Amino acid sequence: MTEELEGSSPADLLRHAEKMAKKKAAREKIMATKTGEKGLVIVHTGKGKGKSSAAFGMIFRHIAHGKKCAVVQFIKGAMSTGERDLILKHFSDLCAFHTMGEGFTWETQDKARDIAMAKAAWEKAKELIRDPSYSMVLLDEINIAIRYDYIDIADVVEFLKTEKPEMTHVVLTGRNAKDELVEIADLVTEMELVKHPFRSGIKAQIGVEF
């Protein structure tokens, strides 16, 4: 924007200032009508990278504001992650962290155990969500467990509609979010894959992928 205004005449600068003032006034008018608050159901899905990263960004915002939150990891338990290590080392008083999964089925090679772990993770998730002292609960990769029918989508939807405390935010991540979940969510973001280094033979790297 600064480069565009370089060399502009006083009249151009005045028109720009008037235009920006009108935009600001219109924006403030719109924002003045947004006064409601509620606990949101937030879904991060899609084939692109960044679903969990974005969700953990909100967890760290909660921590920064001194608000209690919780994380339940449904799949990634076999992998050490920077987020988990940081939270457990420095912020365990504000963020409860439960690693319930043991990896993907092709790693564990035990579908029955995977199902049992997913169901246990969902029970822990419900316990945390019911607790009004937590203002946000992140269910990391729960969409994967739902996709494979390890957890009943009808149970998830019904619980979020009828038992989630009014001011509690619940974030659900993972590819292929079910239509039923998208329907009841307040905020849905689909990450779109444009390019990924994996396709060029680049492995997952510390500080980027985990």
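1. Six strands make up an open sheet in the order 3-2-4-5-1-6, and their pairing is parallel. The model is a predicted one. Strand 3 (95–99) and strand 6 (187–190) are the edge strands; each has a single partner strand, so one side of each lacks a neighbour in the sheet. On average, neighbouring strands are turned by 10° against each other, direction ignored. Strands of a sheet pair through backbone hydrogen bonds, in either the parallel or the antiparallel sense.

2. Strands 4 and 5. Strand 4 (residues 136–140) pairs with strand 5 (residues 169–173) in the parallel sense, over four bridges. Val137 has Val170 of strand 5 as its bridge partner.

3. Strand 1 and its two neighbours. Strand 1 pairs with strand 5 in the parallel sense, again over four bridges. Here Val41 stands opposite Val170 in strand 5. Val43 has Val188 of strand 6 as its bridge partner.

4. Burial of strand 1. Is strand 1 mostly covered or mostly open? It is mostly covered: five of its five residues are buried. In a regular strand the side chains alternate between the two faces of the sheet. In strand 1, Val41, Val43 and Thr45 point one way. Ile42 and His44 point the other way, and all are buried.

5. Main core. Which residues touch the most other members of the largest nonpolar core? They are Phe74, Trp122, Leu139, Ile151 and Leu172, in a core of 33 residues. Elements giving two or more residues to this core are strand 1 (41–45), strand 2, helix 6 (111–130), strand 4, helix 7 (142–147), helix 8 (153–162) and strand 5. Helix 6 supplies the largest share, six residues. In soluble globular proteins, nonpolar side chains tend to be buried together.

6. Leu139 in detail. Neighbours within four places in sequence are left aside here. Leu139 is then in contact with Val72, Phe74, Trp122, Ala125, Ile129, Val170, Val171, Leu172 and Thr173.

7. Second core. There is a second, separate core of 15 residues. Its members include Cys69, Leu94, Phe97 and Val171.

8. Helix 4 (residues 82–90) lies across strand 2 (69–73) and strand 3. Helix 4 runs at about 135° to strand 3.

9. Aromatic pairs. How many aromatic pairs are there? The count comes to three. One is Phe56 with Phe97, which is stacked: 6.2 Å centre to centre and 10° between the planes. This pair links distant parts of the chain, with Phe56 in helix 3 (residues 51–64) and Phe97 in strand 3, 41 residues apart. Both Phe56 and Phe97 are buried. Tyr148 and Tyr150 form a tilted pair, at 5.9 Å centre to centre and 35° between the planes. Tyr148 is partly exposed, with a relative accessible area of 39%. Tyr150 counts as buried because its relative accessibility is 8%, below the 20% cut-off.

10. Charge over a ring. Lys68 lies over the face of Tyr134. The distance from the ring centre is 4.5 Å.

11. Positive phi values. Two residues deserve a look. Glu141 has phi near 65°, a positive value in a residue other than glycine. Glu141 sits in the loop between strand 4 and helix 7. Is Glu141 buried or exposed? Glu141 is buried, with a relative accessible area of 10%. Asp149 also has a positive phi, near 65°, and is likewise not a glycine. Asp149 is in the loop between helix 7 and helix 8. Asp149 is exposed, with a relative accessible area of 61%.

12. The segment after strand 6. Gly201 is found in this segment. Gly201 is exposed, because its relative accessible area is 65%, over the 50% cut-off. Gly201 and Ala116 are 85 residues apart in sequence. In space they are 35 Å apart, C-alpha to C-alpha.

Methods:
Residues are numbered from 1 along each chain as its sequence is written. This is a predicted model: local features need pLDDT of at least 70, side-chain atom pairs count only at pLDDT 80 or more; totals for chains, interfaces and linings use all residues. Side-chain values use heavy atoms; hydrogens and water are left out. Two strands pair if DSSP finds at least two bridges between them. Axes are lines fitted to C-alpha atoms, for helices over the stretch in contact, and angles run from 0 to 180 degrees between N-to-C directions. Contact means heavy atoms within 4.5 Å. Rings of Phe, Tyr and Trp (its six-membered ring) pair if their centres lie within 6.5 Å; planes under 30 degrees apart count as stacked, over 60 as edge-to-face and the rest as tilted. Buried means under 20% relative accessible area, exposed over 50%, partly exposed in between (1.4 Å probe, protein chains only). A charge sits over a ring if NZ of Lys or CZ of Arg is within 6 Å of the ring centre and within 35 degrees of the ring normal. A nonpolar core is a set of buried Ala, Val, Leu, Ile, Met, Phe, Trp, Tyr and Cys residues joined through side-chain atoms within 4.5 Å.
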